[in-house]
Amino acid sequence: LVSEAKQDAELTGAIDLAKEFDPRLVRTLRVLTKFDTFDSQDAKETALGLIKAQINSPLGAHAVVCRSMGGDYDAEAESAVLSSVPRKRAGVQALKDRLPPIYADLIRTNLPGLKASAEARLKTAQKNLERIGPEPIDPVAMIRECQSTLIANLSEVEEQLTPSMKVFQEAIHATGKFVTQDWVNSKLSENAFRCPFFQGEDAFLRCLAEITEQWKPHMLVLIDAVQEQLATSMNCVELKAHGVSKTLLGRIQDTWALHCETMVGEFKRVCEAALKEEADFGTMNHYLVDKYAEEMLLPDEFLTDFLDHLKWDDLLEPTKHSNATIKQTEAGPIYEEDGYRKIVPWKKSLKKALNKAKAAWIIRYQHRTLHEHLKQRLFAAVKAAWTVEKKTFTDMVHKKCRDSIVKERERWVLTTLLTERTIREAAVEDADIQAKREQLKGIIAAMKKCLRMLRSIVLKGASVVMEEATAVEKKPVEEEEIGMGGMGGGMDMFGGDEGDSVGDY
């Protein structure tokens, strides 16, 4: 940074300019020229004080006198004028001796950052050029690029739909908590004018109807989730396809949105039809019989009652050794105390407790009326039907989603995307792409050139490069040669601040 020595720092606008590009002043060296022309002794003392204050700084201020008394450069005259200035901070020759190692140090400091910045800018430009294509792309190839991207994304769409299907499946399964004996009983009315052994079908069908009504909200949630996922399933084209114009992307999104409405509408229709079928009994699945028999032979009510009344002491046989402890062995639990050992007969005790509970259950069962027996059979039938139909319904919805959504989207990608007239008409390159392509090519060429230069510096070595850069003929030094010329002059100390980017080379 070159300025007249008599100028105050506050008046030197170049200092502010330097700080704008070098805030920490790690690349700025002040050269105080015209050190022989001061307006006052105070101005001279200020300039001299600045140099002495920075004497230990590698970038400390430096004094020069290029044209003593307006004449040509005279090293001896300059030396006489600068006799009060520390020698290593005085004179053009001393400045020339200082600059090469400073430049070399700046090169060592900034070279890695410049290289990383150039490589990053090169990589970004190459990636962006790959996205728009190094050369203009023809309409068919542009649509094929979209299609290839979507085909590669088919399984990803299935994976995105899977969590929604799992949530739906679990929600349908959770409705089993509403199928209780009391709930089923509330649907059954006794009819003294009908045979009690064959009543209950109307109540059974009412139960099925209400069960399917509980399923409907979960089905609608699934349909909404599928619609949301379909709406974004074309985004991969914008993110991954190369050389595709914004015009074509917009047309594909619009056409797909209209087709999604049709797809989701059909999916909803077939799901509602499947739900309606579930409300009517219609199965010969052996699983239904198995679940009914399971409930009748060993009702949950009996198991709950048995376990609620079972106590730990019921499984142990009283022993005269009151302080005996129970230990687990390979042969089973045993009583043990001071050499006394005896196997705990827990199986025998469990059988005894089970027989006791069974006898009590039979007595209770025998005292029930025919209508109470009917309630139990109806509950067993409804629970068995729910167990079968929930599996059937979730499987049906899964298959409808596969056919109406997954396969239909695949058909659209493979066929409609290529044959739709409005899509073909939109397969044209955007107006600004060619200019952007040329700009990116220019950046790539510039960054490659920059990296070649940086590699050359590394190979040659900073010291050799600086020797070549600073070699000058032995001739009188003109003020312009070192960039001196008053307030507006200056030197660029190699590149930017540590961490600066290459910028537009």
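Reply: Three strands form an open sheet here, in the order β1-β2-β3, and they pair in parallel. This is a predicted model. Strands of a sheet pair through backbone hydrogen bonds, either parallel or antiparallel. The edges are held by β1 (2–4) and β3 (62–63). Each edge strand has a single partner strand, so one side of each is left without a neighbour in the sheet.

Now take the link between β1 and β2. Strand β2 covers residues 31–33, and three bridges join β1 to β2. The two strands run parallel.

Leu25 sits in the loop between α1 (13–21) and β2. Its phi is near 55°, a positive value in a residue other than glycine. Leu25 has a relative accessible area of 37%, so Leu25 counts as partly exposed.

Buried means under 20% relative accessible area. Leu82 has 4%, so Leu82 is buried. What does Leu82 touch, leaving out residues up to four places away in sequence? The answer is Phe35, Ala63, Val64, Val65, Ala90 and Gly91. Of these, Ala63 brings us back to the sheet, as β3 spans 62–63. Leu82 also shows how the fold brings separate stretches together. Leu82 and Asp36 are 46 residues apart in sequence, and their C-alpha atoms are 8.2 Å apart in space.

The whole chain gives the setting. There are 17 helices and six strands. Of its 505 residues, 39% count as buried. Take the contacts in the chain with a separation of 6 or more: residues 24 or more positions apart account for 81% of them.

Two cysteines are worth a stop. Cys66 is buried, at 2% relative accessibility. Cys450 is buried as well, with a relative accessible area of 9%. A disulfide is a covalent bond between the sulfur atoms of two cysteines. Here the count comes to zero disulfides.

Two packed helices are described by the angle between their axes and the distance between the axes. Helix α6 (residues 154–174) and helix α8 (residues 201–231) pack at about 175°, with axes 10 Å apart. An angle over 145 degrees counts as roughly antiparallel. That is why α6 and α8 are roughly antiparallel to each other. By class, their contact has 10 nonpolar, four polar and no charged residues. From α6 come Gln160, Leu161, Ser164, Met165, Phe168, Ala171 and Ile172. They meet Trp215, His218, Met219, Leu222, Ala225, Val226 and Gln229 in α8.

Pro163 is also in α6. At 46% relative accessibility, Pro163 counts as partly exposed. Pro163 and Ala225 are 62 residues apart in sequence, yet 9.8 Å apart in space, C-alpha to C-alpha.

Notes
Residues numbered from 1 in each chain as written. Predicted model: local features only at pLDDT ≥ 70, side-chain atom pairs only at ≥ 80, totals over all residues. Heavy atoms only, no water. Axes fitted to C-alpha atoms, helices over the stretch in contact; angles between N-to-C directions. Helix = DSSP H or I, 4+ residues; strand = E, 2+ residues; numbered from the N terminus. Parallel < 35°, antiparallel > 145°, perpendicular 65-115°, else oblique. Contact = heavy atoms within 4.5 Å. Nonpolar A, V, L, I, M, F, W, Y, C, P; charged D, E, K, R; others polar. Disulfide = S-S within 2.5 Å. Buried < 20%, exposed > 50% of the residue type's maximum accessible area, 1.4 Å probe, protein only. Pairing = 2+ DSSP bridges.
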